[in-house]
Amino acid sequence: MACAIEAQKANLSYLIIEKGALVNSLFNYPVFMTFFSTSQKLEIGDTPFVTINPKPNRNEAVEYYRRVAEKFDLKINLFETVKQVLKQGEDFEVSTTKASYTAKNVVVATGFYDVPLLMNIPGEDLPKVTHYYKDPHLYAFQNVVVVGANNSGVDAALETYRKGANVTMVVRSGEMGPHVKYWVRPDIENRIKEGAITAHFHSELLEIREGEVDIKTPDGVKTIANDFVIAMTGYQPNFSMLKRFGIDLPESLCPIYNQDTMETNVKGLYLAGVVCGGLDTHKLFIENSRVHAEMIIRNIIN
């Protein structure tokens with residue numbers, strides 16, 4: 001959306017193609033999630049993001065970006081998936097599930113929320129397993145395993161616990177993740193200390209079955225009753241899509257692009273936002289990647 005706004009300011013023709021709902025990644029965030037960033041750092045298009053809270057939540061952000069789309073009357077095709085982007089001479093041929101388009105320039109701003117990092121264990125494909133936690137009410141009074149100890153895992157554990165779930169956390173390392181929000185960390189640590197939430201550190205999930213799971217712990221394999229598994233194991237950009245578009249990906253899987261212009265090795269094909277970080281998903285956020293839009297449009301018009 002930030003790129004579209006800058007293109008509009010520069011009197012360029014543009015089109016946003018979104019595979020899902022408006023700001024689809026944010027839409028799929030947990031319903032009650034609170035951002036780490038302040039509202040000012042989430043603003044785009046010089047449009048104030050007004051909230052009475054110190055930090056906005058997911059619902060406020062979704063509404064804010066919808067209002068921004070209305071304010072600028074942005075041209076957006078929703079629920080349309082891009083299948084291929086091919087350079088044909090000086091232009092690009094963009095093929096989607098609904099149509100095909102010709103463009104002088106293409107900006108890929110897909111984020112990294114599309115492809116979950118799988119555990120690759122038996123039972124991961126069972127219906128009771130999810131990599132996208134949404135609403136804690138679903139898990140009321142159930143035996144829930146939460147895999148992961150970064151922000152999404154901690155939020156899922158605390159919220160489901162407060163809806164009456166019997167929560168067990170499975171954590172590879174020996175402590176909560178280093179990026180856990182500072183105002184949440186004492187909460188999860190105290191719940192574990194008092195025994196309200198069980199946490200297995202230096203542990204991993206071995207197998208998931210319909211009514212139970214196996215956990216590999218320092219004290220051996222433990223089998224516990226289980227109704228749901230919330231696997232907050234992280235996400236990654238759609239690397240196969242980037243390769244399909246012709247973007248170079250070294251062994252580090254960090255896409256190749258010019259940091260001054262955001263242009264990739266394919267002339268006229270740009271990256272914007274957190275997709276630029278590759279597997280390092282703690283490197284870029286909305287607040288420090290909004291400038292990409294100005295950099296890209298400036299390079300296009302010059």
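Arg185 has a relative accessibility of 21% and thus falls in the partly exposed class, where buried means under 20% relative accessible area, exposed over 50%, and partly exposed in between (1.4 Å probe, protein chains only). The structure is a predicted model, in which local features need pLDDT of at least 70 and side-chain atom pairs count only at pLDDT 80 or more, while totals for chains, interfaces and linings use all residues. Residues are numbered from 1 along each chain as its sequence is written, and side-chain values use heavy atoms, with hydrogens and water left out.

Arg185 is the salt-bridge partner of Glu189, with the closest N and O atoms 3.8 Å apart; a salt bridge here is a side-chain nitrogen of Lys or Arg within 4 Å of a carboxyl oxygen of Asp or Glu. The two residues lie four apart in helix H5 (residues 185–193), which separates them by about one helical turn. Helices (H or I, at least four residues) and strands (E, at least two) are DSSP runs, numbered from the N terminus. Glu189 is also partly exposed, at 39% relative accessible area.

The salt-bridge count comes to 16. Another of these joins Glu63 to Arg66, with 2.7 Å between the closest N and O atoms. Glu63 is partly exposed at 33%, and Arg66 is partly exposed at 33%. Both belong to a salt-bridge network that also takes in Arg67 and Glu70.

Turning to helix packing, the axes of H4 (residues 151–161) and H5 come within 10 Å and cross at roughly 60°. Axes are lines fitted to C-alpha atoms, for helices over the stretch in contact, with angles running from 0 to 180 degrees between N-to-C directions. H4 and H5 are therefore oblique to each other, given that angles under 35 degrees count as roughly parallel, over 145 as roughly antiparallel, 65 to 115 as roughly perpendicular and the rest as oblique. At the contact (heavy atoms within 4.5 Å), Val154, Ala157, Leu158 and Tyr161 of H4 meet Asp187, Ile188 and Arg191 of H5.

Finally, strands E13 (residues 212–217) and E14 (residues 220–225) run antiparallel and are joined by six bridges; pairing requires that DSSP finds at least two bridges between two strands. Asp214 has Thr223 in E14 as its bridge partner, and a hairpin of two residues connects E13 to E14.
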